[in-house]
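User: I have a chain open on my screen and would like to go through it with you. Could you take my questions as they come?

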Amino acid sequence: MQPPRLRFAADADRPDLLLEVGMHHVGLAGDGLGLVEDGPASLACFCVDRRGVWLTVGSGARSVHVNGREVRRLAMLRAGDSVYLDGHEVRLVGAAPQPGLPDGVPAEPSRSADPRVVLRGLGGRHHGRSFTLDAPRLVGSADDADIRIDNPAFAGRHARMELVAGEVWLRDLGSEDGSIVNGERVRDALLQPGDQVVFDANDRFVVEAPLRGAPQQPLPVGTLEDAAESNAPGRPGSNSWWKLPAVLVAALLIALLLGLLLLYGAG
């Protein structure tokens, strides 16, 4: 699987930074952002492990935002997220989506559609809402759009999201700029569970669907930092509350023994 990449938005000619497993410190370098040494110059660190990409905020950072939301300590990132470091943008880019299918393929009948396949809003006016794909969903600024983008400059009929043979497809309807999937600008594309789709820069959605051959893993709910804190490297998971430290267990046993001695000794 191709490692994620960092794309420096202000420099289109600059190659993407491949994020191999390890620590990657990013800070101001010349007129923009670049790799720096760990220290005061580092605005943030992108930590990559087997679970994904973690953003930790440097002590000298004045302003760090992910998709427009401020991050003070750490956040877990997904492909397609935009990170702003002191006003400079980098984008986490994942694997390029598969190209679109030819015209003329009918949408899957709604009676056989899986109600668990949904688009969930991550940002913009639809944040927190879910849209099922039991029928094709029109995306655009038109009044009759199923997923309405509140921007008069946005195309009235921008794209259509639909299920075809159990798979989620994004089909462009002649928009000027296309859409962004996992940080890559595309038109037609086959989407996978977990893919992030961005319309008009601020309206973000994630594809939620059962993984084939494996149970679906729910995406974290809450703030970026809440999700990151519960899964951060070196931190116990939410299901490990019962793993008490050995010192605390020993203290409880000693207290129990003392109580028994006082109880039976008094008799």
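User: Is Ala201 buried or exposed?

Analyst: In this model, which is predicted, Ala201 counts as exposed, because its relative accessibility is 54% and the cut-off for that class is over 50%.

User: And where does Ala201 sit?

Analyst: Ala201 lies in the loop between β22 and β23. Its C-alpha atom is separated by 9.0 Å from that of Ser179, although the two residues are 22 apart along the chain.

User: Stepping back, how many helices and strands are there?

Analyst: The chain has 2 helices and 23 strands. Of its 267 residues, 39% are buried, and the accessible surface comes to about 15,100 Å², with 55% of that belonging to carbon and sulfur atoms. If you take the contacts between residues at least 6 apart in sequence, 44% of them join residues at least 24 apart.

User: Which residues touch the most other members in the largest nonpolar core?

Analyst: That core has 22 residues, and those touching the most other members are Leu119, Met161, Val168, Leu170, Leu191 and Phe199. The elements that each give two or more residues to this core are β17 (159-164), β18 (167-172), β21 (189-191), β22 (196-199) and β23 (203-208), and the largest share, 3 residues, comes from β17. As a general background, nonpolar side chains in soluble globular proteins tend to be buried together.

User: What is Leu170 in contact with, leaving aside its neighbours within four places in sequence?

Analyst: With those neighbours set aside, the contacts of Leu170 include Met161, Leu191 and Phe199, and among them are also Ser179, Val181 and Val186. Beyond this, there is a second, separate core of 21 residues, which includes Leu17, Val66, Val71 and Leu85.

User: Okay, nonpolar residues on the surface now: which ones form a patch there?

Analyst: Leu256, Leu257, Leu260, Leu263 and Tyr264 form a nonpolar patch on the surface, and together they have about 570 Å² of accessible area. Leu257, one of these residues, is found in helix α2, which covers residues 246-266, and it counts as exposed because its relative accessible area is 53%.

User: Changing topic, how many salt bridges does a search of the whole structure find?

Analyst: The search finds 14 salt bridges. One of them joins Glu162 and Arg171, with a distance of 2.7 Å from N to O, and both of these residues are buried.

User: Which residues are linked in a network of salt bridges?

Analyst: Arg5, Arg7, Asp16 and Glu184 are linked in such a network.

User: Last topic, the backbone: what is phi for Asn67?

Analyst: Asn67 has a positive phi of about 55°, although it is not a glycine. For context, most residues other than glycine have a negative phi. Asn67 is found in the loop between β7 (64-66) and β8 (69-70), and it is partly exposed, with a relative accessible area of 25%.

User: What about phi of Asn182, and where is Asn182 found?

Analyst: Phi of Asn182 is near 55°, which is again a positive value in a residue other than glycine. Asn182 is found in the loop between β19 (179-181) and β20 (184-186), and it counts as buried because its relative accessibility is 7%.

Definitions and conventions. Residues are numbered from 1 along each chain as its sequence is written. This is a predicted model: local features need pLDDT of at least 70, side-chain atom pairs count only at pLDDT 80 or more; totals for chains, interfaces and linings use all residues. Side-chain values use heavy atoms; hydrogens and water are left out. A salt bridge is a side-chain nitrogen of Lys or Arg within 4 Å of a carboxyl oxygen of Asp or Glu. Buried means under 20% relative accessible area, exposed over 50%, partly exposed in between (1.4 Å probe, protein chains only). Patches are made of residues with over 30% relative accessible area and no salt bridge: like charges are joined within 9 Å, nonpolar side chains (Val, Leu, Ile, Met, Phe, Trp, Tyr) within 5 Å. Accessible areas come from the Shrake-Rupley method with a 1.4 Å probe; for residues, only the protein chains shown count as cover. Helices (H or I, at least four residues) and strands (E, at least two) are DSSP runs, numbered from the N terminus. A nonpolar core is a set of buried Ala, Val, Leu, Ile, Met, Phe, Trp, Tyr and Cys residues joined through side-chain atoms within 4.5 Å. Contact means heavy atoms within 4.5 Å.
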